[in-house]
Amino acid sequence: MTELQAKIPDDCQTMRDVRAGVDETDRALVALLERRFGYMRAAARIKPSRDAVRDEERKASVIAAARADAEARGLPGQVVEDIWDRLVEGSIAYEFKEWDRIRD
Ligand SMILES: C=C(O[C@@H]1C=C(C(=O)O)C=C[C@H]1O)C(=O)O
């Protein structure tokens, strides 16, 4: 990942500073999503059965870990849980598409 240039939040003095920080952070998050979706393509390649794509037990554990991590950092747990629910559902949909695509 490229190095971050924007001011840290506590050093921001203007909305220009804030928005530069938000935009830079968003680009970094999307780069991490690119990596995470790459693991979904790997899972689609590795899982032998289509039935294994959706794993509810793993989904619950991934979301609980994100929530616990967020709360330990002083972030709102419910917000992070909701984001992760959407992220994992989107990941599962992506993994299904990929599973079908490589076996067609
Ligand atoms: C990548 C996996 O496939 C799915 C995607 C998950 C995720 O986005 O974290 C979690 C559970 C699975 O339903 C997996 O089984 O670990």
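Ala, Val, Leu, Ile, Met, Phe, Trp, Tyr, Cys and Pro count as nonpolar, Asp, Glu, Lys and Arg as charged, and the others, Gly among them, as polar. The views show a predicted model, in which local features need pLDDT of at least 70, side-chain atom pairs count only at pLDDT 80 or more, and totals for chains, interfaces and linings use all residues. Residue numbers start from 1 along each chain as its sequence is written.

**View 1. Packing of H1 with H3.** The axes of H1 and H3 come within 8 Å and cross at roughly 45° (lines fitted to C-alpha atoms over the stretch in contact, with angles from 0 to 180 degrees between N-to-C directions). Phe37, Met40, Arg41, Ala43, Ala44 and Arg45 of H1 make the contact with Ser91, Tyr94, Glu95, Glu98, Trp99 and Ile102 of H3 (C-beta atoms, placed from the backbone, within 7 Å). This contact comprises seven nonpolar, one polar and four charged residues.

**View 2. H2 and the residue that follows.** H2 has 17 residues and spans 24 Å from its first C-alpha to its last, close to the 24 Å expected at 1.5 Å a residue (1.5 Å times one less than the number of residues). Gly74 follows H2 and has a positive phi, near 80°.

**View 3. Packing of H2 with H3.** H2 and H3 pack at about 150°, their axes 8 Å apart. From H2, Lys59, Val62, Ile63, Ala66, Arg67, Ala70 and Glu71 meet Gly77, Val80, Glu81, Trp84, Asp85 and Val88 of H3. Seven nonpolar, one polar and five charged residues make up the contact of H2 with H3.

Key: Helix = DSSP H or I, 4+ residues; strand = E, 2+ residues; numbered from the N terminus. Contact = placed C-beta atoms within 7 Å.
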